[in-house]
Amino acid sequence: MARIYQTQTMGEARVKVAIVTDRGQADLWVNRVSSWGLASGDALWFMVPDRGDATATVFFTSIGFAQIKVCFVETRGEAGWRDPAVARRGLFSGR
């Protein structure tokens, strides 16, 4: 389950993320879900207001500083790792 807490400083983050608009440039396609129960795997994110509820803490940054590039997609069916062969499973779901 991907419960994401957005930090305000890079040093507090476990993962540094760049948001891109071009799907071909992204490592992971993410869909933001509306409830805690819908969040699953690495690609269905529920943003939490409390760090204690998170499975991953992220800092949104530029591509140059990022560990991973993410593109937000419209539907849950589109969400997932772009290339499963190089996927970093569990990066956001805490597994």
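## Strands and overall dimensions

The chain has 7 strands and 0 helices; helices (H or I, at least four residues) and strands (E, at least two) are DSSP runs, numbered from the N terminus. Read from the N terminus, its elements run β-β-β-β-β-β-β. This is a predicted model, in which local features need pLDDT of at least 70 and side-chain atom pairs count only at pLDDT 80 or more, while totals for chains, interfaces and linings use all residues. Residues are numbered from 1 along each chain as its sequence is written, and side-chain values use heavy atoms, with hydrogens and water left out.

The radius of gyration of the chain is 12 Å, which agrees with the value near 12 Å for a compact globule of 95 residues. That radius is taken over C-alpha atoms, and the globule rule is 2.2 Å times the number of residues to the power 0.38. Along the principal axes, the C-alpha atoms fill a box of roughly 30 × 30 × 20 Å.

## Burial, contacts and surface

Of the 95 residues, 41% count as buried. Buried means under 20% relative accessible area, exposed means over 50%, and partly exposed is in between (1.4 Å probe, protein chains only). Among contacts with a separation of 6 or more, 82% are between residues 24 or more positions apart; contact means heavy atoms within 4.5 Å.

The chain exposes about 5,200 Å², of which carbon and sulfur atoms supply 49%. Accessible areas come from the Shrake-Rupley method with a 1.4 Å probe, and for residues only the protein chains shown count as cover. There are 12 positive and 9 negative side chains, and the centres of the two sets lie 4 Å apart. Lys and Arg count as positive and Asp and Glu as negative, while His and the chain ends are not counted. The place of a charge is taken as NZ of Lys, CZ of Arg, CG of Asp or CD of Glu.

## The aromatic cluster

The structure holds 2 aromatic pairs. Rings of Phe, Tyr and Trp (its six-membered ring) pair if their centres lie within 6.5 Å; planes under 30 degrees apart count as stacked, over 60 as edge-to-face and the rest as tilted. Trp 45 and Phe 72 form an edge-to-face pair, because their planes stand at 85 degrees, with ring centres 5.8 Å apart. Trp 45 lies in strand 4 (residues 44–47) and Phe 72 in strand 6 (residues 68–72), so this pair ties together parts that are 27 residues apart in sequence. Trp 45 is buried, at a relative accessible area of 0%, whereas Phe 72 is partly exposed at 32%.

Trp 45 also forms a tilted pair with Phe 92, 5.0 Å centre to centre and with 50 degrees between the planes. Here the link is between strand 4 and the segment after strand 7 (80–81), where Phe 92 lies 47 residues from Trp 45. Phe 92 is buried, with a relative accessible area of 0%. Through these ring pairs, Trp 45, Phe 72 and Phe 92 are linked into a cluster.

## Ser 93 and Gly 41

Ser 93 is in the segment after strand 7 and is buried, with a relative accessible area of 7%. Apart from neighbours within four places in sequence, Ser 93 is in contact with Met 1, Ala 2, Gly 41, Asp 42 and Thr 55.

Gly 41, one of the contacts of Ser 93, is found in the loop between strand 3 (28–32) and strand 4. Gly 41 is partly exposed, with a relative accessible area of 22%. Gly 41 and Gly 90 are 49 residues apart in sequence, and their C-alpha atoms are 7.1 Å apart.

## Two arginines after strand 7

Arg 89 is found in the segment after strand 7 and counts as exposed, at 58% relative accessibility. Not counting residues up to four places away in sequence, Arg 89 touches Asp 42, Trp 81 and Pro 84. Asp 42 is also among the contacts of Ser 93.

Arg 82 is likewise in the segment after strand 7, and at 43% relative accessibility counts as partly exposed. Leaving aside neighbours within four places in sequence, Arg 82 is in contact with Arg 23, Gly 24, Gln 25, Ala 26, Asp 27 and Trp 29. Arg 82 and Phe 72 are 10 residues apart in sequence and 12 Å apart, C-alpha to C-alpha.
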